[in-house]
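Please keep the structure in view while reading.

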Amino acid sequence: MQELVTRAKELLADGTVVRVLGWKRGDLSYNPEPAYFNSQEELEQFVYDGFCGANLSKYMIEGSKKEGKTLVFLKPCDTYSFNQLIKEHRVDRDKAYIIGVGCRGKLDVEKIKAQGIKGIQNISGAGIEEDTDTLNIRTIYGDKTCTYGSAMLERCHVCKGKEHMIFDEEIGESKDTKDADRFAEIEKIEAMSPEEKFAFFQKELSKCIRCNACRNVCPACSCRKCVFDSNQFDSAQKANVDSFEEKMFHIIRAFHVAGRCTDCGECSRVCPQGIPLHLFNRKFIKDINELYGEYQAGADTESKGPLTSFTFEDAEPGIVVERR
Amino acid sequence: MQRIGVFVCHCGSNIAATVDVKKVVEMAALEPGVVHAEDYQYMCSEAGQAKIDAAIKEKNLTGIVVCSCSPRMHETTFRNAAKRAGLNPYMVEIANIREHCSWIHKNMEEATKKAVILARAAIAKVSLNTPLQQGESRVTKRALVIGGGIAGIQTALDIAEAGYEVDIVEKTPSIGGRMSQLDKTFPTLDCSACILTPKMVEASAHEKINIYTYSEVEKVSGFVGDFTVDIRKKARSVNMDKCTGCGVCQEKCPSKKTPNEFNRGLNTRSAIYTPFAQAIPNVPVIDREHCTKFKTGKCGVCAKVCQAGAIEYDQQDEIVTEKYGAIVVATGFDVIKLDQYDEYAYSQSPDVITSLELERIMNAAGPTKGHLERISDHKAPKNMVFIQCVGSRCADKRGKSYCSKICCMYTAKHAMLIRDKYPDVNVTVFYIDVRTPGKNFDEFYRRAVEEYGVNYIKGQVGKVAPQPNGQLLVQGVDLIDNKQILMEADMVVLAAAIEPNKDVRKIATMLTASIDTNNFLTEAHPKLRPVESPTAGVFLSGVCQGPKDIPETVAQAGAAAVKAIGLLAKDKLLTNPCTAKSDELLCNGCSTCANVCPYGAISYIDKEVNDHGIRETRHFAQVNSALCQGCGACTVACPSGAMDLQGFSNRQIIAEVDAICR
Amino acid sequence: MSIEKTNEFRPKIVAFCCNWCSYAGADLAGSSRLGYPADVKIIRVPCSCRVNPMFILRAFEKGADGVILCGCHPGDCHYTTGNYYARRRMTLLFSMLDYLGVENGRTRVEWVSAAEGVKFSTTMNEFVEKIHSLGKNVRLEDLRCRN
Amino acid sequence: MYKIAKENLSALFQTIAETKELYLPVKISGQVNFAAWDEEAEVSLETLKTVKSPKDAFFPQSETLYTCKKEGKKITIDPEALKEKEFVVFGMKACDVKGLEVLDKVFLSDPVDTYYAARREHGIIVAMACHEPEESCFCKVFGVDCAEPAADVSVWMVEGTLYWKAGTEKGEALTKSVESLLSPVEEEKKDGLAAGISELEKLELEKQKIRGIVEQLPYTQLSLEGWGKEENLDEKFNSPKWEELYHPCLACGTCTFVCPTCQCYDIKDYDTGHGIKRYRCWDSCMYSDFTMMAHGNNRTSQMQRFRQRFMHKLMYFPVNNDGMFSCVGCGRCVEKCPASLNIVKVIKAMGGDQ
């Protein structure tokens with residue numbers, strides 16, 4: 001981590017960049033926040049550890065509007081989002097100096113708490129350089145431990161890989177954290193009966209409070225004004241009055257990012273109600289891969305997206321029934 | 001709030017017999033915004049339109065709904081009526097309560113209920129309509145005719161005669177088309193070449209006509225009045241300006257094994273060739289696929305013998321880009337492939353031929369110099385059998401469901417000509433029906449039967465079996481006498497179905513012209529606009545639209561020319577205002593819409609905007625309304641709804657959905 | 001032949017038809033007097049690619065029991081490519097609805113040319129039959145719209 | 001004071017639910033929120049904090065106000081009936097109860113919000129002590145004692161026994177209705193207890209233990225110095241710190257929707273096809289269309305919206321309500337903010353370095 005700070009200071013000092021976009025130490029051991037650093041002194045607050053899950057790509061939409069270049073730290077999975085934003089002219093490549101940072105999986109404090117660990121005072125073992133598989137947690141109710149893997153975000157278990165898709169320089173090593181099949185959950189649901197599927201999603205979506213965190217954190221959701229906030233479709237709704245609305249919201253949101261979603265997993269990470277929102281996006285990704293050929297949004301900045309292209313031989317919509 | 005008038009048409013009894021028109025009026029009057037509702041016998045009549053006019057003026061209507069027939073029928077009528085009354089024509093919506101309601105439902109109560117809902121949907125939509133203004137676009141005073149057969153030639157001549165430039169693009173080395181392959185024509189039996197050749201000469205000599213032979217349309221962009229077309233001039237390998245048409249090269253060409261397309265493969269031609277003697281232009285083409293020089297690099301005889309030095313082996317394909325105001329499609333037809341018809345032994349026996357092949361055999365310039373003889377052994381036939389409807393009126397997938405229209409007549413012609421020239425040949429025709437509507441057609445057919453003794457048998461042939469002795473055993477059935485027929489024939493002639501030229505699908509796609517399941521181009525209206533394609537500025541000439549004989553083709557060619565002339569005569573065109581429009585405050589410039597636009601109508605600009613007090617320079621989409629055709633692909637690609645389609649806006653469609661579902 | 005059902009359930013069915021092919025096909029069905037149940041109501045759109053998934057969900061929200069989209073046959077789009085985009089969009093949308101446990105069969109895409117009046121009528125009859133077999137849409141409706 | 005064994009709680013819930021609606025923390029798809037009880041409900045009283053606060057029971061996320069029906073050109077209006085049936089909210093925490101006091105200030109002061117008032121009137125709160133406070137809690141800063149929740153009924157769970165103490169008339173009545181399931185706690189009886197202390201003493205020890213834990217919590221010493229005083233209003237409002245603080249904010253509504261005191265709502269119409277349903281639903285000052293008016297919006301940047309939320313909680317509200325902050329230190333926003341921003345970070349940043 002110190003290497004990142006040193007390098008950031010250098011780049012600030014030599015005028016390559018005028019500010020740094022990174023993560024700032026939180027007031028608890030697990031709550032760092034995305035932050036801009038404008039000076040070498042401010043960088044003393046910089047942190048990069050297992051809890052820096054936030055994808056900084058979307059912040060670069062605003063960052064691109066600022067005067068001068070911004071140094072931004074991107075994890076391998078974040079770089080896909082950045083590429084996709086370049087493709088959609090939402091960020092300015094020339095305004096960004098990208099340091100691709102290493103990653104050994106990001107942590108989810110909810111997963112630690114779900115193991116019955118309460119009153120956390122300190123967590124050690126979450127540092128990026130620490131080569132340990134155990135998190136030692138000091139709590140008001142005694143010392144606890146859990147494995148690093150058991151506290152990892154869902155997305156890290158299906159990690160896309162250690163490569164940065166775009167960067168000016170790379171610092172730090174990444175670890176292979178993939179230990180699950182990305183589509184296993186989807187397949188499980190696909191195999192359910194319609195009644196089971198409906199019940200499953202009804203239950204999950206009943207928790208939705210329409211806080212829009214999933215949308216607002218999503219790098220693909222970069223509309224100036226979301227359809228659900230405007231009167232373009234007469235669809236503006238602020239809260240769930242009827243269960244239909246969450247369905248409408250989540251189906252359309254997933255549809256709007258279909259072919260553009262890089263599967264960065266931010267939506268699931270931020271949902272205050274723990275709704276596995278990736279199940280929507282990944283369903284589209286799976287369908288796209290199966291029907292129109294493997295496609296990874298954000299792997300490049302040029303290719304045509306699956307919903308803005310076609311082939312003459314594409315499957316008919318009836319395939320949905322036929323392949324069941 | 002809009003002030004909406006609703007006008008419900010009885011359409012005589014077409015609507016009123018199944019829809020309670022008064023009830024529709026009564027229910028429509030309860031809808032929000034409706035300040036006037038009435039019914040009338042024929043809304044499209046002058047009196048009906050006068051009612052609309054009066055109501056608009058008296059009640060200050062801001063929008064009207066006409067509950068009547070399909071908008072495809074009378075939307076323009078009612079828009080014009082509204083316009084005359086001072087209402088923007090795009091403040092009119094049609095509820096289709098005839099084709100979509102009264103004509104398909106029998107129960108009055110149900111039909112009335114549905115008509116009310118359809119009216120409601122139209123009212124809900126019109127409440128959100130906004131006045132739209134048509135734009136103007138220019139007209140390039142030049143026409144393109146695709147296909148150089150009789151249809152294309154006639155169209156081009158007529159357009160040129162009216163004083164407009166015309167380009168003909170013909171795929172083969174010469175204009176002339178199918179008609180040039182015919183020997184005689186029915187019902188007058190005059191020689192095809194004798195009547196066609198002067199037309200070809202006239203076209204080639206006309207100062208307003210420019211002919212691109214051995215060329216194909218490569219790309220079409222633009223829209224009515226302003227098409228841009230790329231034409232690929234395939235490398236001819238012969239300099240058109242230098243060649244004198246002496247023909248020595250063809251004589252000396254050592255490679256003479258290529259099947260002669262013009263003679264339907266019944267004989268062969270040289271690798272450098274003109275398809276037929278009267279070809280225009282009379283300049284040969286090197287068929288590079290079969291030319292020894294191109295295949296092996298050795299030879300070069302033609303270049304050596306050419307006095308004019310016209311042979312140019314290094315010629316390349318050339319792309320010519322030209323602008324046109326109107327495009328006429330005259331791509332013609334071909335006969336279907338018969339490889340699916342093994343029962344007629346077409347591929348087993350050379351003596352089973354198609355009528356078009358017989359046409360070449362009968363022609364003095366054909367493979368047999370006009371002598372009627374078997375291809376297998378050059379013997380004169382004694383017994384000939386003609387089989388009708390091979391692949392036409394066919395129920396299964398091998399053939400075509402339609403009647404090819406010309407076969408009955410040309411078969412009568414063939415039979416008559418053979419009996420006339422070779423009275424000792426017995427001619428039998430197997431037919432399903434003999435169809436002879438047309439001036440002097442039935443008389444012609446009766447002469448074949450009565451004067452020339454052609455043996456017509458109503459019935460189908462089940463099998464043609466080549467015999468070891470070279471004869472063809474024909475097994476058929478006589479439906480009138482209800483008996484099996486077994487006869488030997490020396491030659492069997494199949495009246496194969498005709499189908500649109502294979503390339504028409506590609507061309508239709510380029511032109512965005514619609515095409516039916518049989519690959520015939522669709523006309524804008526089957527009765528009232530038979531020579532126009534639904535795509536504005538594209539006209540249809542000849543068999544590409546449906547089976548036709550020569551006089552019909554020529555008539556339609558003239559009609560298509562008139563339509564094209566009518567278009568070219570205008571200086572400006574009014575454009576469809578139902579185009580996409582981007583909301584500059586909502587658009588985030590992501591370019592997804594531009595990626596799906598088939599017309600390249602979307603571009604991006606950087607401009608300062610004032611978004612509720614926030615002033616900033618933004619990158620957003622702009623639609624060129626002259627290029628936009630209003631498909632709406634962009635509106636769905638746009639997640640925020642910044643891109644919307646005027647006349648079919650998101651909120652309008654949603655209002656219709658709501659009205660239907662409530 | 002229109003289907004005469006004796007039971008009470010009359011489905012609400014929205015049919016989006018493209019102006020150039022399917023709407024004309026529906027007109028042809030009409031002028032050929034090829035009937036289909038009155039439950040089907042047609043909305044005219046310029047092209048199948050104009051149909052936003054939101055329209056379809058909106059229809060279900062407001063109580064539709066089935067939604068069908070008809071457009072030109074692939075390759076015959078008046079706008080050249082519109083139906084190809086529509087095909088991908090609808091395939092993904094329908095797949096998602098299936099995934100969420102909405103009975104598949106409530107949504108359908110059919111390509112109907114201007115000449116296919118028979119096909120239009122047959123398709124609508126089949127579709128209405130299918131919706132009858134599925135019954136009322138309860139999984140996607142907004143309960144507030146019930147009355 | 002009464003008690004009931006933990007294993008008999010479902011019988012208690014069953015009995016309450018026979019006559020009243022009963023809301024309590026229920027786990028659905030892994031998350032615990034207040035929900036109506038039924039026999040299948042996975043009740044989770046151990047959960048310290050439900051994701052959403054229980055304020056929905058009194059101020060639902062959305063509620064219909066009235067319905068207009070249209071027939072022809074005739075319109076009828078049916079107001080939504082006010083709450084008439086008693087209901088019990090079981091397992092609220094001291095901070096949640098305090099949150100209701102904040103809402104009362106808003107909805108019960110003139111003009112009274114009848115929908116809210118009816119719910120308050122018919123709602124019976126059974127509040128539970130927080131036996132294991134967590135690091136995100138800072139209720140003590142706002143004067144809340146989570147060991148001694150004051151409500152219609154207060155309950156404690158000690159070693160498998162739920163202790164029950166009615167605090168109001170409503171609480172007494174509820175107690176009466178379930179008396180058959182409860183057994184009285186005899187004050188001096190020490191028999192059978194290992195430590196030789198009475199159950200009441202034991203309860204006191206438990207409370208002391210809780211208070212001891214609270215003292216160790218990282219946020220307990222948070223200083224509110226300078227907040228809630230009108231004289232500092234301009235200084236706080238104009239502080240340059242806001243510009244630095246707001247950056248990570250995603251402009252989502254998580255903090256406002258999990259908050260027990262956020263009370264802003266929007267009123268909207270829903271077109272049912274036969275008329276409209278006018279409903280109100282929670283709104284969030286974090287949203288760009290919050291308080292949108294015809295001319296536009298009076299807060300145009302996210303910084304302004306962000307500032308609004310905290311200025312409201314820590315300045316405008318206490319200035320207008322005798323010093324009562326509209327934050328109760330429940331810490332839900334601390335746990336749930338997707339960008340790890342929260343009111344504590346704001347208080348710290350704006351209050352100097354205490």
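Two strands count as paired if DSSP finds at least two bridges between them. In that setting, B:I231 stands opposite B:V320 in β17(B). The model is predicted.

**Sheet in chain B**
- Three strands form an open sheet in the order β11-β12-β17 of chain B, and the pairing is antiparallel.
- β11 (215-223) and β17 (318-324) of chain B are the edge strands; each has a single partner strand, so one side of each lacks a neighbour in the sheet.
- From one strand to the next, the twist averages 20°.
- Seven bridges join β12 (residues 226-233) of chain B to β17(B), in the antiparallel sense.

**Domains of chain B**
- The domain assignment gives domain 1 as 4-127, domain 3 as 248-305, domain 4 as 334-499 and domain 5 as 580-646 of chain B.
- Domain 2 of chain B is assigned to three segments: 142-234, 317-332 and 501-568.
- The centres of domain 1 of chain B and domain 4 of chain B, taken over C-alpha atoms, are 56 Å apart.

**Chain B with chain C**
- Contact here involves 45 residues of chain B and 45 residues of chain C.
- On the chain B side, the elements giving two or more residues are α3 (71-84), α4 (98-102), α5 (108-127), α17 (633-637) and α18 (650-661) of chain B.
- α18(B) gives the most to that side, with eight residues.
- By class, the side of chain B that touches chain C holds 20 nonpolar, 14 polar and 11 charged residues.

**Chain A with chain D**
- This contact draws 35 residues from chain A and 39 residues from chain D.
- On the chain A side, two or more residues come from each of β2 (33-37), β5 (120-124), α7 (194-206) and α8 (213-217) of chain A.
- β2(A) supplies the largest share of that side, four residues.
- The residues on the side of chain A that touches chain D split into 17 nonpolar, 10 polar and eight charged.

**Nonpolar cores**
- The largest nonpolar core has 452 residues, and B:I64, B:C67, B:A119 and B:V492 touch the most other members.
- α5(B) gives the most to this core, with 11 residues.
- Leaving aside neighbours within four places in sequence, B:C67 has contacts that include B:V6, B:F7, B:V24, B:I97, B:A115 and B:A119.
- A second, separate core of 16 residues includes B:Y273, B:I286, B:C291 and B:A310.

Terms used. Residues numbered from 1 in each chain as written. Chains lettered and ligands numbered in written order. Predicted model: local features only at pLDDT ≥ 70, side-chain atom pairs only at ≥ 80, totals over all residues. Domains from an automatic or database assignment. Contact = placed C-beta atoms within 7 Å. Nonpolar A, V, L, I, M, F, W, Y, C, P; charged D, E, K, R; others polar. Axes fitted to C-alpha atoms, helices over the stretch in contact; angles between N-to-C directions. Core = buried A, V, L, I, M, F, W, Y, C linked by C-beta atoms within 7 Å. Buried ≥ 20, exposed ≤ 12 C-beta atoms within 10 Å, placed from the backbone.
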